[in-house]
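Q: Please take a close look at a single part of this structure. Begin there, and then describe step by step what surrounds that part.

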Amino acid sequence: MTGSAAGRAVGPLLALPGHLRRRLAGALDAGLLVAPYSAAAVRSAVGSHDGAGAVADALEAWRRLGVSGIAAAEWLRSLDDIAASVPVPDFVWSGPEVPGLHARDTRRVFEELIGSATRSIWVSSFAYFNGPRAFETLARRMDTVPGLRVRLLLNVERRRGDTTAADQLVRRFADSFWNADWPGTARPAVYYDPRALDADGPSGVLHAKAVVSDEHAVFVTSANLTEAAFERNIETGLLLRDRTLAATVVGHFRGLIDRGLLRPLPAA
């Protein structure tokens with residue numbers, strides 16, 4: 001049995017729910033499950049389980065490598081510790097609640113990430129409505145926490161049939177954003193995708209909806225920054241606290257900015 005084969009044998013054991021993995025380890029420790037391992041013996045040890053045959057094969061693979069039942073139990077506990085250390089995403093939801101199912105609320109997650117940030121916030125949204133309301137929490141946090149760096153990625157669109165020059169559309173959007181939509185004293189860096197302003201191009205290409213807080217927590221959602229998306233629409237998202245993923249998302253956004261694919265919105 002090669003090392004790679006032993007590694008493949010870990011798969012069925014990792015796929016076990018944590019409580020069944022712990023039950024299996026206890027049975028091996030207590031001598032209730034002994035070699036040669038069989039699907040029937042595994043079912044007897046952990047209860048009915050569709051993958052009992054694969055689990056038995058995995059234990060047999062370990063046995064052929066000289067791994068005793070007690071050693072296998074320790075391996076299983078190690079797998080349990082590893083699985084417990086892997087970040088698990090929270091499911092985030094907007095719209096009617098489903099009885100018996102748990103999901104975090106989109107608005108609360110958004111406000112929690114903004115309200116806890118101390119160093120940096122990235123927010124990308126295709127659309128927003130009622131700027132003072134949409135950006136209220138973000139603007140207040142910026143005014144409260146000196147040094148907090150905020151970057152907004154927003155879509156500046158050309159409406160169908162509008163023949164206005166691209167630079168004028170950007171100027172119009174900037175004047176409206178800074179004078180009417182942004183409610184704070186401190187100001188974020190705002191970026192847009194110029195492809196949306198091509199007369200023959202698509203009207204909207206910056207569709208990403210995401211928040212990255214302190215390059216630690218990442219929230220990816222279908223919801224725009226609108227009351228409808230937060231309160232009425234059926235929207236789904238995932239919240240994960242993982243620095244590697246956060247760095248990847250931020251690095252991608254920074255790369256787009258550095259390459260000039262996302263351009264800074266002019267000041268007021």
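This is a predicted model: local features need pLDDT of at least 70, side-chain atom pairs count only at pLDDT 80 or more; totals for chains, interfaces and linings use all residues.

A: Strand E4 is mostly covered, for five of its six residues are buried. A residue counts as buried here when its relative accessible area is under 20%. E4 comprises residues 149-154.

The partners of E4 may be taken in turn. On one hand, E4 pairs with strand E3 in the parallel sense, and six bridges join the two. One of these contacts between strands can be located by residue: Ile 121 has Val 150 in E4 as its bridge partner. On the other hand, E4 is joined to strand E5 (residues 189-192) by three bridges, and this pair also runs parallel. Here Leu 153 stands opposite Tyr 191 in E5.

Helix H8 spans residues 136-144, and its buried residues are Thr 137, Leu 138, Ala 139, Arg 141 and Met 142.

Asn 130 lies in the loop between E3 and helix H7 (131-134). The phi angle of Asn 130 is positive, at about 60°, although this residue is not a glycine. With a relative accessible area of 40%, Asn 130 is partly exposed.

Where does E4 stand in the order of the sheet? The sheet is open and has nine strands, in the order E2-E1-E8-E7-E6-E3-E4-E5-E9, and its pairing is mixed. Strand E2 (104-105) and strand E9 (263-264) stand at the edges with a single partner strand each, so one side of each is left without a neighbour in the sheet.

At the end of the order that holds E2, strand E1 (residues 90-94) pairs with E2 in the parallel sense over two bridges. Within this pair, Val 92 has Arg 104 in E2 as its bridge partner.

The antiparallel part of the sheet can be followed through strand E7. Four of the five residues of E7 (residues 217-221) are buried, so this strand is largely enclosed by the rest of the structure. E7 pairs with strand E6 (residues 210-213) in the antiparallel sense over four bridges, and Ser 213 has Ala 217 in E7 as its bridge partner. E7 also pairs with strand E8 (residues 235-241), again in the antiparallel sense, over five bridges. In that pair, the bridge partner of Phe 219 is Leu 239 in E8.

The turn from E6 to E7 is a hairpin with three residues between the strands, and Asp 214 in this hairpin takes a positive phi near 55°. Glu 215 is found in the loop between E6 and E7 as well. Glu 215 has a positive phi of about 50°, although it is not a glycine. This residue is partly exposed, as its relative accessible area is 25%.

Leu 113 lies in helix H6 (residues 106-116). Leu 113 counts as buried because its relative accessibility is 0%. Leaving aside residues up to four places away in sequence, Leu 113 touches Val 211, Ser 213, Ala 217, Phe 219, Leu 239 and Arg 241.

Finally, the part may be set within the whole chain. The chain has eleven helices and nine strands. Of its 268 residues, 42% count as buried. Among contacts with a separation of 6 or more, 71% join residues 24 or more positions apart. A compact globule of 268 residues would have a radius of gyration near 18 Å, whereas this chain has 26 Å. Along its principal axes, the C-alpha trace spans about 75 × 40 × 35 Å.

How values were computed
Residues are numbered from 1 along each chain as its sequence is written. Side-chain values use heavy atoms; hydrogens and water are left out. The radius of gyration is taken over C-alpha atoms; the globule rule is 2.2 Å times the number of residues to the power 0.38. Buried means under 20% relative accessible area, exposed over 50%, partly exposed in between (1.4 Å probe, protein chains only). Contact means heavy atoms within 4.5 Å. Two strands pair if DSSP finds at least two bridges between them.
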